[in-house]
Amino acid sequence: MKMEKRGNRNKVVIVGGGVAGSLVAKSLQFDAHVTLIDPKEYFEIPWANLRAMVEPTFAERTLINHRDYLTCGDIVTSSVVNVTETEVLTADGCQIAYDYLVIATGHADHVPETRSERLDQYKAENQKIKSANSILIVGGGPTGVELAGEIAVDFPEKKITLVHKGSRLLEFIGAKAADKTLNWLESRNVVVKLEQSVDLNSVTDGYYQTSHGETIEADCHFLCIGKPLASAWLRETALKNDMDSQGRIKVDELLRVKGRNNIFAIGDITDIPEIKQGFLAQKHAEVVVKNLKVIMEGGRECRLVTYKPLSSVLAIVSLGRKDAVAQFPFLTIIGRIPGFIKSGDLFVGKTRKQMGLTS
């Protein structure tokens, strides 16, 4: 099935409905004929999903159907299997022509297609936590640390063990922040085991073996390790030579795919030398929106804006509902002050407002 241009408006196709792709679609819907292609029917605020595991009703605000913010544009619920110089082919057979293409597929995350199914998934995860006396968390990056914090605060009676293969937690930020985080977790009776891994394929009656030969008893576990980039599909497309050895798309300072004038890439899938964070993906989206508006208006090249990566790591990792650890360029702090910035609402109200919705 072919999807053709409406009137004389430029056709902008966005592949991926995460934090970056959804913002581009929302921002350009009245300036072009926008088509958003995503395997799911909704946008999820990713940095808030761990709160939804301990409080499922929180997901009512963090899961947003694409149609709620994209009122003027096409939504194709499918995955993309091929890209040519002029069109995109989806798994369900749609051929969608484009004048401009934005790739924002991020990391591979297998979640349900519908919002209601995702809400049910959070309820099931919550029940898993509630019914367990002891919980194992595998992975000590931001996801594992934030999940441990959420459970420790909301369910202080649970016995939580966090196993991490690295020499310290939160290796993407400084050692001082990692040490403060470790102290915070241990003060909430979370047992942290560093420089160890767990073989999840050899679990016997709730007993897990670590690489050091230790035995951990847990009623359930949560795997919180990095997800692969959602870029494998590109290796058979016209963009197969526009990727680096790690599967990231090579972009220029305007966030165009290098050597191409009408194809952009944003978010985690790019080769920009910076930590992959949601708020940076949103900044990518803002740059591409500005540039596409200039280009579609026939504006001069000098009006295009460039993306400048952060020169130092800026991060806030929430620790339950009131605390957080924050690394700023010249300061690392933990406690209620960074918690006030992020941990209460997890920027959900701000993000919803950005998407044109009530907070």
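What share of the contacts in the protein chain with a separation of 6 or more comes from residues 24 or more positions apart? The answer is 61%, where contact means heavy atoms within 4.5 Å.

Before we go on, a word about the model. It is predicted, so local features need pLDDT of at least 70 and side-chain atom pairs count only at pLDDT 80 or more, while totals for chains, interfaces and linings use all residues. Residues are numbered from 1 along each chain as its sequence is written, and side-chain values use heavy atoms, leaving out hydrogens and water.

**The whole chain**

The protein chain has ten helices and 20 strands; these are DSSP runs numbered from the N terminus, with helices being H or I of at least four residues and strands being E of at least two. Its radius of gyration is 21 Å, close to the 21 Å that the globule rule gives for 359 residues, so the chain is as compact as a globular protein of that length. That radius is taken over C-alpha atoms, and the rule is 2.2 Å times the number of residues to the power 0.38. Of the 359 residues, 52% count as buried. Buried means under 20% relative accessible area, exposed means over 50%, and partly exposed lies in between (1.4 Å probe, protein chains only).

Helix H1 covers residues 19-28, and eight of its ten residues are buried, among them Val-19, Leu-23 and Leu-28. Helix H6, residues 142-154, reaches 18 Å from its first C-alpha to its last, close to the 18 Å expected for its 13 residues at 1.5 Å a residue. The expected span is 1.5 Å times one less than the number of residues. The buried residues of H6 include Glu-146 and Glu-150.

| Residue | Relative accessible area | Class |
|---|---|---|
| Arg-118 | 8% | buried |
| Cys-72 | 26% | partly exposed |
| Cys-94 | 5% | buried |

Arg-118 lies in helix H5, residues 115-131. Its side chain is joined to that of Tyr-122 by a polar contact of 3.0 Å. Such a contact is a pair of N or O atoms within 3.5 Å; within protein, one must be able to donate a hydrogen and the other to accept it, and residues adjacent in sequence count only if both atoms are side-chain atoms. Leaving aside neighbours within four places in sequence, Arg-118 touches several residues, including Tyr-42, Glu-44 and Pro-112.

The whole structure has zero disulfides, a disulfide being a pair of cysteine sulfur atoms within 2.5 Å.
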